[in-house]
Amino acid sequence: MTWKRPRRSARPLRAGAYLIPSLFTTANMLLGFYALLAGLEGQFRTAILMIFAAAVLDTLDGRIARLTRTASPFGREYDSLADLVSFGLAPALLCYLWGLHELGRVGFAAPAVYLLCSAARLARFNVSRRTSDPAYFVGLPAPAAAGAIGSILFFVDTRGDSFVLQLAVLGALIVVGLLSVSTFRYLSFKELDFRRRRGFRVVVVIAAIAILALIHIGLFFLVVALSYALSGPTAWLGRRLRRRPWRGAATLRRP
(Lines give C-alpha, C1' and ligand atoms only; values in the text may rest on other atoms or scores of the structure.)
Protein backbone atom coordinates (compact mmCIF):
# COMPACT_ATOMS: atom_id res chain seq x y z
CA MET A 1 0.00 0.00 0.00
CA THR A 2 1.47 3.24 -1.12
CA TRP A 3 1.19 6.33 1.01
CA LYS A 4 -0.23 9.36 -0.69
CA ARG A 5 0.59 12.83 0.43
CA PRO A 6 -2.61 14.65 1.36
CA ARG A 7 -3.51 17.49 -0.90
CA ARG A 8 -3.02 20.91 0.50
CA SER A 9 -6.08 23.04 0.65
CA ALA A 10 -6.11 26.01 -1.65
CA ARG A 11 -4.64 29.05 0.01
CA PRO A 12 -7.01 31.97 0.42
CA LEU A 13 -6.34 34.85 -1.87
CA ARG A 14 -4.46 37.65 -0.19
CA ALA A 15 -5.73 41.14 -0.37
CA GLY A 16 -3.59 42.94 -2.93
CA ALA A 17 -2.91 46.55 -3.78
CA TYR A 18 -2.74 48.05 -7.24
CA LEU A 19 0.52 49.86 -7.84
CA ILE A 20 -0.39 53.15 -9.51
CA PRO A 21 -3.24 54.31 -7.20
CA SER A 22 -1.24 53.18 -4.16
CA LEU A 23 1.72 55.29 -5.26
CA PHE A 24 -0.47 58.38 -5.35
CA THR A 25 -1.90 57.52 -1.94
CA THR A 26 1.60 56.98 -0.54
CA ALA A 27 2.72 60.34 -1.91
CA ASN A 28 -0.37 61.90 -0.30
CA MET A 29 0.60 60.52 3.10
CA LEU A 30 4.25 61.55 2.74
CA LEU A 31 3.22 65.11 1.88
CA GLY A 32 1.06 65.17 5.00
CA PHE A 33 4.00 63.96 7.07
CA TYR A 34 6.23 66.61 5.51
CA ALA A 35 3.60 69.23 6.38
CA LEU A 36 3.80 68.10 10.01
CA LEU A 37 7.58 68.46 10.01
CA ALA A 38 7.39 71.87 8.34
CA GLY A 39 4.88 73.01 10.95
CA LEU A 40 7.20 71.94 13.76
CA GLU A 41 9.90 74.09 12.14
CA GLY A 42 7.53 77.07 11.94
CA GLN A 43 7.29 76.97 8.13
CA PHE A 44 3.51 77.24 7.98
CA ARG A 45 3.16 78.40 4.37
CA THR A 46 5.27 75.50 3.15
CA ALA A 47 3.23 73.09 5.28
CA ILE A 48 -0.04 74.41 3.87
CA LEU A 49 1.22 74.09 0.30
CA MET A 50 2.07 70.46 1.06
CA ILE A 51 -1.50 69.90 2.23
CA PHE A 52 -2.85 71.48 -0.95
CA ALA A 53 -0.59 69.22 -3.03
CA ALA A 54 -1.77 66.19 -1.04
CA ALA A 55 -5.38 67.15 -1.83
CA VAL A 56 -4.55 67.17 -5.56
CA LEU A 57 -2.97 63.72 -5.30
CA ASP A 58 -5.96 62.45 -3.32
CA THR A 59 -8.24 63.53 -6.16
CA LEU A 60 -6.02 61.94 -8.78
CA ASP A 61 -5.69 58.54 -7.11
CA GLY A 62 -9.44 58.11 -6.98
CA ARG A 63 -9.90 59.10 -10.61
CA ILE A 64 -7.06 56.84 -11.75
CA ALA A 65 -8.50 53.92 -9.79
CA ARG A 66 -11.90 54.42 -11.43
CA LEU A 67 -10.51 54.88 -14.94
CA THR A 68 -8.22 51.85 -14.74
CA ARG A 69 -10.72 49.79 -12.73
CA THR A 70 -8.12 49.14 -10.06
CA ALA A 71 -10.19 50.07 -7.01
CA SER A 72 -9.85 47.61 -4.13
CA PRO A 73 -10.85 47.38 -0.45
CA PHE A 74 -7.20 47.73 0.51
CA GLY A 75 -6.92 50.90 -1.56
CA ARG A 76 -9.96 52.44 0.10
CA GLU A 77 -8.69 51.77 3.61
CA TYR A 78 -5.17 52.90 2.74
CA ASP A 79 -6.56 56.09 1.23
CA SER A 80 -8.54 56.84 4.40
CA LEU A 81 -5.45 56.41 6.59
CA ALA A 82 -3.49 58.75 4.33
CA ASP A 83 -6.33 61.29 4.41
CA LEU A 84 -6.42 61.19 8.20
CA VAL A 85 -2.74 62.12 8.32
CA SER A 86 -2.78 64.80 5.61
CA PHE A 87 -6.22 66.33 6.13
CA GLY A 88 -6.99 65.54 9.76
CA LEU A 89 -3.85 65.48 11.86
CA ALA A 90 -1.74 67.94 9.84
CA PRO A 91 -4.21 70.88 9.83
CA ALA A 92 -5.08 70.34 13.49
CA LEU A 93 -1.44 70.36 14.59
CA LEU A 94 -0.58 73.32 12.34
CA CYS A 95 -3.32 75.43 13.92
CA TYR A 96 -2.15 74.47 17.40
CA LEU A 97 1.48 75.33 16.63
CA TRP A 98 0.47 78.48 14.73
CA GLY A 99 -0.93 80.16 17.82
CA LEU A 100 -3.75 78.24 19.47
CA HIS A 101 -1.36 76.77 22.02
CA GLU A 102 -1.42 80.18 23.72
CA LEU A 103 -5.13 79.71 24.56
CA GLY A 104 -4.47 76.78 26.88
CA ARG A 105 -7.06 74.02 27.05
CA VAL A 106 -9.40 75.79 24.64
CA GLY A 107 -6.58 75.98 22.11
CA PHE A 108 -6.13 72.22 22.45
CA ALA A 109 -9.84 71.40 22.34
CA ALA A 110 -10.63 73.01 18.98
CA PRO A 111 -7.96 71.12 16.97
CA ALA A 112 -8.97 67.93 18.81
CA VAL A 113 -12.62 68.43 17.78
CA TYR A 114 -11.55 68.96 14.18
CA LEU A 115 -9.38 65.82 14.23
CA LEU A 116 -12.15 63.67 15.70
CA CYS A 117 -14.66 64.99 13.17
CA SER A 118 -12.23 64.22 10.34
CA ALA A 119 -11.81 60.64 11.54
CA ALA A 120 -15.58 60.18 11.88
CA ARG A 121 -16.12 61.69 8.41
CA LEU A 122 -13.67 59.29 6.78
CA ALA A 123 -15.13 56.27 8.60
CA ARG A 124 -18.66 57.22 7.53
CA PHE A 125 -17.50 57.70 3.95
CA ASN A 126 -16.09 54.17 3.83
CA VAL A 127 -19.26 52.48 5.09
CA SER A 128 -21.67 54.60 3.01
CA ARG A 129 -19.73 54.61 -0.26
CA ARG A 130 -21.90 51.98 -1.93
CA THR A 131 -25.25 53.54 -1.04
CA SER A 132 -24.53 57.22 -1.61
CA ASP A 133 -25.06 59.21 -4.79
CA PRO A 134 -21.69 59.49 -6.59
CA ALA A 135 -22.54 63.02 -7.72
CA TYR A 136 -22.52 64.29 -4.12
CA PHE A 137 -20.57 63.93 -0.91
CA VAL A 138 -22.47 63.74 2.36
CA GLY A 139 -20.65 66.16 4.60
CA LEU A 140 -17.67 68.32 3.74
CA PRO A 141 -14.91 66.08 2.28
CA ALA A 142 -11.68 65.83 4.24
CA PRO A 143 -9.45 67.47 1.56
CA ALA A 144 -11.87 70.41 1.27
CA ALA A 145 -12.01 70.78 5.06
CA ALA A 146 -8.22 70.86 5.26
CA GLY A 147 -8.17 73.32 2.37
CA ALA A 148 -10.56 75.64 4.18
CA ILE A 149 -8.42 75.67 7.33
CA GLY A 150 -5.18 75.90 5.39
CA SER A 151 -6.42 78.76 3.22
CA ILE A 152 -7.12 80.84 6.34
CA LEU A 153 -3.59 80.37 7.67
CA PHE A 154 -2.13 80.97 4.22
CA PHE A 155 -4.10 84.20 3.82
CA VAL A 156 -3.10 85.49 7.26
CA ASP A 157 0.61 84.78 6.51
CA THR A 158 1.77 85.48 10.05
CA ARG A 159 2.04 83.70 13.36
CA GLY A 160 -1.03 83.68 15.57
CA ASP A 161 -0.04 86.40 17.99
CA SER A 162 -3.33 88.29 17.60
CA PHE A 163 -6.12 87.21 19.94
CA VAL A 164 -8.75 88.07 17.30
CA LEU A 165 -7.06 85.86 14.71
CA GLN A 166 -6.74 83.07 17.25
CA LEU A 167 -10.48 83.19 17.93
CA ALA A 168 -11.20 83.24 14.19
CA VAL A 169 -9.10 80.13 13.53
CA LEU A 170 -10.51 78.42 16.63
CA GLY A 171 -14.07 79.04 15.43
CA ALA A 172 -13.17 77.91 11.90
CA LEU A 173 -11.84 74.61 13.21
CA ILE A 174 -15.07 73.87 15.04
CA VAL A 175 -17.36 74.98 12.21
CA VAL A 176 -15.43 73.12 9.51
CA GLY A 177 -15.24 70.02 11.70
CA LEU A 178 -19.00 70.06 12.21
CA LEU A 179 -19.57 70.57 8.48
CA SER A 180 -17.49 67.43 7.89
CA VAL A 181 -19.85 65.25 9.93
CA SER A 182 -23.01 67.05 8.81
CA THR A 183 -25.54 65.72 6.30
CA PHE A 184 -25.15 68.66 3.91
CA ARG A 185 -24.57 67.59 0.33
CA TYR A 186 -21.51 68.79 -1.59
CA LEU A 187 -20.83 68.36 -5.29
CA SER A 188 -18.24 65.67 -5.93
CA PHE A 189 -17.40 66.74 -9.54
CA LYS A 190 -16.88 63.04 -10.33
CA GLU A 191 -19.32 63.20 -13.25
CA LEU A 192 -18.00 66.48 -14.63
CA ASP A 193 -17.65 66.21 -18.41
CA PHE A 194 -14.94 68.54 -19.73
CA ARG A 195 -15.93 67.77 -23.34
CA ARG A 196 -19.36 69.30 -22.90
CA ARG A 197 -19.94 72.82 -24.16
CA ARG A 198 -20.37 75.46 -21.48
CA GLY A 199 -22.15 78.79 -21.48
CA PHE A 200 -20.45 82.14 -21.65
CA ARG A 201 -21.05 82.73 -17.92
CA VAL A 202 -18.90 79.75 -17.02
CA VAL A 203 -16.04 81.15 -19.09
CA VAL A 204 -16.39 84.52 -17.33
CA VAL A 205 -16.32 82.88 -13.88
CA ILE A 206 -13.22 80.84 -14.76
CA ALA A 207 -11.50 83.94 -16.11
CA ALA A 208 -12.36 85.88 -12.93
CA ILE A 209 -10.95 83.08 -10.76
CA ALA A 210 -7.75 83.01 -12.83
CA ILE A 211 -7.34 86.79 -12.50
CA LEU A 212 -7.87 86.56 -8.73
CA ALA A 213 -5.18 83.89 -8.51
CA LEU A 214 -2.74 86.16 -10.35
CA ILE A 215 -3.56 89.21 -8.21
CA HIS A 216 -3.51 87.58 -4.75
CA ILE A 217 -2.89 83.86 -4.41
CA GLY A 218 -3.79 83.85 -0.72
CA LEU A 219 -7.16 85.49 -1.36
CA PHE A 220 -7.73 83.04 -4.22
CA PHE A 221 -7.24 80.03 -1.94
CA LEU A 222 -9.47 81.59 0.71
CA VAL A 223 -12.36 82.43 -1.63
CA VAL A 224 -12.35 79.05 -3.39
CA ALA A 225 -12.03 76.97 -0.21
CA LEU A 226 -14.62 78.87 1.83
CA SER A 227 -17.05 79.06 -1.10
CA TYR A 228 -17.06 75.29 -1.41
CA ALA A 229 -17.25 74.78 2.36
CA LEU A 230 -20.31 77.05 2.57
CA SER A 231 -21.96 75.69 -0.59
CA GLY A 232 -23.49 72.77 1.32
CA PRO A 233 -25.46 74.73 3.95
CA THR A 234 -26.26 77.44 1.36
CA ALA A 235 -27.80 74.90 -1.03
CA TRP A 236 -29.71 73.29 1.84
CA LEU A 237 -31.11 76.65 2.92
CA GLY A 238 -32.09 77.47 -0.66
CA ARG A 239 -34.03 74.21 -0.98
CA ARG A 240 -35.84 74.85 2.29
CA LEU A 241 -36.85 78.35 1.20
CA ARG A 242 -38.16 77.11 -2.15
CA ARG A 243 -40.30 74.45 -0.47
CA ARG A 244 -41.78 76.85 2.10
CA PRO A 245 -44.96 78.52 0.80
CA TRP A 246 -45.12 82.28 0.86
CA ARG A 247 -47.50 83.49 3.56
CA GLY A 248 -48.63 86.42 1.48
CA ALA A 249 -49.94 84.16 -1.26
CA ALA A 250 -53.07 83.26 0.73
CA THR A 251 -53.77 86.90 1.40
CA LEU A 252 -53.50 87.82 -2.26
CA ARG A 253 -55.93 85.08 -3.24
CA ARG A 254 -58.69 86.41 -0.98
CA PRO A 255 -61.38 88.43 -2.76
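Mentor: Helices (H or I, at least four residues) and strands (E, at least two) are DSSP runs, numbered from the N terminus. We're looking at a predicted model, where local features need pLDDT of at least 70, side-chain atom pairs count only at pLDDT 80 or more, and totals for chains, interfaces and linings use all residues. Residues are numbered from 1 along each chain as its sequence is written, and side-chain values use heavy atoms, leaving out hydrogens and water.

Trainee: OK, how many helices and strands does the protein chain have?

Mentor: Read along the sequence, the pattern is α-α-α-α-β-α-α-β-α-α-α. Tally that up for the protein chain and you get nine helices and two strands.

Trainee: What share of the 255 residues is buried?

Mentor: Buried means under 20% relative accessible area with a 1.4 Å probe, protein chains only. Apply that to the 255 residues of the protein chain, and the buried share is 35%.

Trainee: Are α2 and α3 roughly parallel or antiparallel?

Mentor: The axes (lines fitted to C-alpha atoms over the stretch in contact, with angles from 0 to 180 degrees between N-to-C directions) of α2 (residues 44-68) and α3 (residues 73-98) come within 11 Å and cross at roughly 160 degrees. Angles over 145 degrees count as roughly antiparallel, so α2 and α3 are roughly antiparallel.

Trainee: How many nonpolar residues does the contact of α2 with α3 have?

Mentor: Contact means heavy atoms within 4.5 Å, and among the residues that meet are Phe44, Ile48 and Ile51 from α2, and Phe87, Leu94 and Trp98 from α3. By class, the contact has one polar and four charged residues, while the nonpolar ones (Ala, Val, Leu, Ile, Met, Phe, Trp, Tyr, Cys and Pro) number twelve.

Notes:
Angles under 35 degrees count as roughly parallel, over 145 as roughly antiparallel, 65 to 115 as roughly perpendicular and the rest as oblique. Buried means under 20% relative accessible area, exposed over 50%, partly exposed in between (1.4 Å probe, protein chains only).
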